Every structure is written in structure tokens, then in C-alpha cells.
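Visitor: Could you take me on a close look at one part of this protein, where helices pack against each other? I am new to this, so please go step by step.

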Amino acid sequence: MSDLSQIIKAYDVRGTVPDQFNETVARAIGTAFVEMLRESGDEPDQIVIGHDMRESGPGLAAAFARGANAAGVAVVNIGLASTDQLYYASGALSLPGAMFTASHNPAQYNGIKLCRSGARPVGQDSGLAVVRQRAQQLLADLNAEADGPSRVDQRNVLADYAAHLRSLVDLSGIRPLKVIVDAGNGMGGYTVPAVLGDQVLPALPLTIEPLFFELDGSFPNHEANPLDPKNLVDLQNAVREQGADIGLAFDGDADRCFVVDEKGDAVSPSAITALVAARELAKFPGSTIIHNLITSAAVPEIIVENGGKPVRSRVGHSFIKAEMAATNAVFGGEHSAHYYFRDFWFADTGMLAAMHVLAAFGGQDLPLSEFAAEYERYAASGEINSTVADASAKIAEVRAAFPDARVDDLDGKTFQLGDGAWFNLRASNTEPLLRLNVEAPDADRMAKLRDAVLAIVRG
């Protein structure tokens, strides 16, 4: 019997197929999800499910649907979908949802992202622990309820999803742009033609040049994880070779988007957060914007300069979404290229962020490298991971080496050094790692600070 504590973690379900995660497990989770919703006061008569391009997705989704049916709930199956397309369906239909994806993980993985109606997240403290406990009981019970009648309605929401995004950002009046999109054989190959192309809606002033749009969960070209620089190389080369104006890279389930300028250089997610924040504040003056604590210091500066209220959050979508709901924030951004929008049910959508970038950049005549420079004020290290035996002891050593720093512990330890330089050390929840992020006013100061901290952490 599967040990569900190995695959049901803080935010979602994720494991290798079929040894950790298979159709028997998916069916149990389907029943457990419905029972958790009822115990917490929801009374769903339907849930919506979708799956990405992984080969195991349709079977796992169908098994989950059988479990939901056995618990007395009908299923709306939207079939192939990006994660933000599932969030759209959950929001537009006011239904709880289950998205079958392992995001950027390798081909042997699959998983589930669960949400309540209106795309509200389900995490460890908001129902996922209950789902794990109940599903484990069902797997142990040889007399668990048998399958009931199938109640599954197949529905395609791709066109409605595309129309909704188009209604939020008007791209019809921008200058013509040549855009190379690397879908990494993930769901961007399905959603980009619908949203940015002319597959279902009128054409935009965009020439889309596709890279790896073929849906293939074996990821034959590169991992669908643009956060790793090696997975951006194909896009960077194509942008330079083809003289494109901009490059976009989506992860496997297409809920994150990374941006590359005309020189092939990556535009930091912090710069994208600041850019989109400025646009949203122009539309909703004085609003709150959420940013996690390892985005650039430029982000809260630009939010304030544009009349907004920055609120600093811990890293992780459950914390961002909770802060957004509590403050009615219009937008939130993370260093990992997750972008959250109030007008998208506070959920994350890389596609909508990409559209904001295209609208802003396409509305003036600067190359993207010059335009993005307005939002890139400091030198950053990016996230650096170090394997350590005792994370707490290493953090204490670093604290002793910087006695004059101002330190807070919102998420790990953030050290403010008084000259505009800062760094954050966070322990991984799942691995013996310390994660370091450093930022400083210039590259030389950043490099020296980075190396000084790493010498202690790795010493």
C-alpha cells in the first residue's frame, strides 16, 4: 500500500508513477477530496478536473472521477488543460477542482493540484492533510465503497479561457512583435495558439514562432523548467538567431512564464512583477500588491512610486494567495515567475503575465532590454542551493559573522546590511538544503557578499 505521506506534501500531490502514484491512489484521493469538502462545510454536487500532456494523466483523472462519483458527486472533465485553465474553470463554474500535473518535474512524475470553488487553494492547513488521512484509510480498507454509476460530463473550456484572458488585457493596438515561445513540449503548446494566436479568436499583431509545441510528457528536448538556466538556452539562441523582439518560456503545466529580451538575456521575474504591478496600479490606483521576500528591493520601491501599497509575504503560493485574499490585493508576484491576479480569482497565471508584458512593451518603441532596464535596479545572485547537515547551525554561524545586520525571520533569515545589500537564507522543507538569495546595488558588491556567505555555509 502506498504511503501517502511521501506524495501528499504541503501544497499538492506529487509522486512517481506507478510505484508511488497510480489509479488506485487517485481513486481514493477523489473520494477523500469530496469528503473533506463536505466536512469543511462545502456541499459540492460537481467538481471540475483536467490533466496535462503526461501519458498517465487521462487514466489518473478518470480514476479520481470514479472516486468522486462513488462519494456522490458528478464530474466536469475539461480534458487537456494548463493549470491556469483549470483555475479558470473552477472560477467561472464556481466548482472545486483537481488538476493532474507534476508541473516541471521529470516525465516519470505526476500529481494533483486541488482547489475549492473559485480556485481557492487547498494546502496542508486548508484541507490537504485531511485528504491524505482519509485517502490512506480508504486504501487500507478492503471493504471500501465500490464504484457507482459514472457521472462525468466532458466539456472544452479552451475558447472561453482564451476569451476571458483577452478581455483582461487588450493587445489589439500594440505594434507588431515577433515572439518566440518555448513550450518545452508542455501545455503552452496547447494554450498559446488559442490565447495569443488566431486558433479561436481574431489574430493579434503578433508573429508567434513556436519552439517545442508538440505535447509530449517525455520532454524530449529539455525539461519544462525554465527556472533552470540550461532550459532557456534553446529559446535564447532562437531569439538571437531569428531577430525576435521577445521570447517567452512556459513550464510544463504553463502556469509560469519566463521572459527573454531581444539579446537573449533573461528578464528577471522581479522586473516582471514590478512592470505588471505598475500596470495594475494604473488601472486600480492605491491598491495593494503582494511580493515575496526574495523578490528584488526594486519591487516595493516601484509599487510605492506608482501609488500602491506593497505587502511582503513568505515564499509559496498558499502564503501569497492568503495575503491577497486578506488584503484584496490586485496582484502578487514571486521570484519563481508565479504571478497572481485578483481578476483571475487570486490565482496564478503565467499567460496573463505574458500578456501584460506584451501590452506594455508593445505600446512603445524601445527594445525590450532597454524597456526592462527601468525595472532592474540591483544586482541579484538568483537562488543558490547548498547541501548542509544542520541548517540551523549554519544560519547561526552566518548570523555571528554579520553582527551589525538587521535580521528578520519572516521566512528563514533575511539580513539587511545598511548599504542597500541584503541576503536571505532559507532551509528547504523537503531536502537538506540551504537556499541563498543575495542582492546588492552593484554586481561587485553582490558577488563579494555572495561569496562571503557561501564560504560560511559550505565551509
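Guide: Let's begin with a term we will need: a crossing of two helices is called right-handed if the near helix is turned clockwise from the far one by less than a right angle, and left-handed if it is turned anticlockwise. Keep in mind, too, that this is a predicted model.

Now find helix 5, residues 158–168. Its crossing with helix 11 is right-handed. Helix 11 covers residues 350–361, and the two helices pack at an angle of about 35 degrees, with their axes 10 Å apart. Which residues of helix 5 and helix 11 meet? From helix 5 come Tyr161, Leu165, Arg166 and Leu168, while helix 11 brings Met351, Leu352 and Met355. Sorted by class, this contact has 6 nonpolar residues, 1 charged residue and no polar ones.

Helix 5 has another partner to look at. Helix 3, residues 83–93, packs with helix 5 at an angle of about 90 degrees, and their axes are 10 Å apart. Angles of 65 to 115 degrees count as roughly perpendicular, so helix 3 is roughly perpendicular to helix 5. Here Asp84, Gln85 and Tyr88 of helix 3 meet Leu158, Asp160, Tyr161 and His164 of helix 5. The classes in this contact are 3 nonpolar, 2 polar and 2 charged residues.

Definitions and conventions:
Residues are numbered from 1 along each chain as its sequence is written. This is a predicted model: local features need pLDDT of at least 70, side-chain atom pairs count only at pLDDT 80 or more; totals for chains, interfaces and linings use all residues. Side-chain values use heavy atoms; hydrogens and water are left out. Axes are lines fitted to C-alpha atoms, for helices over the stretch in contact, and angles run from 0 to 180 degrees between N-to-C directions. Helices (H or I, at least four residues) and strands (E, at least two) are DSSP runs, numbered from the N terminus. Angles under 35 degrees count as roughly parallel, over 145 as roughly antiparallel, 65 to 115 as roughly perpendicular and the rest as oblique. Contact means heavy atoms within 4.5 Å. Ala, Val, Leu, Ile, Met, Phe, Trp, Tyr, Cys and Pro count as nonpolar, Asp, Glu, Lys and Arg as charged, and the others, Gly among them, as polar.
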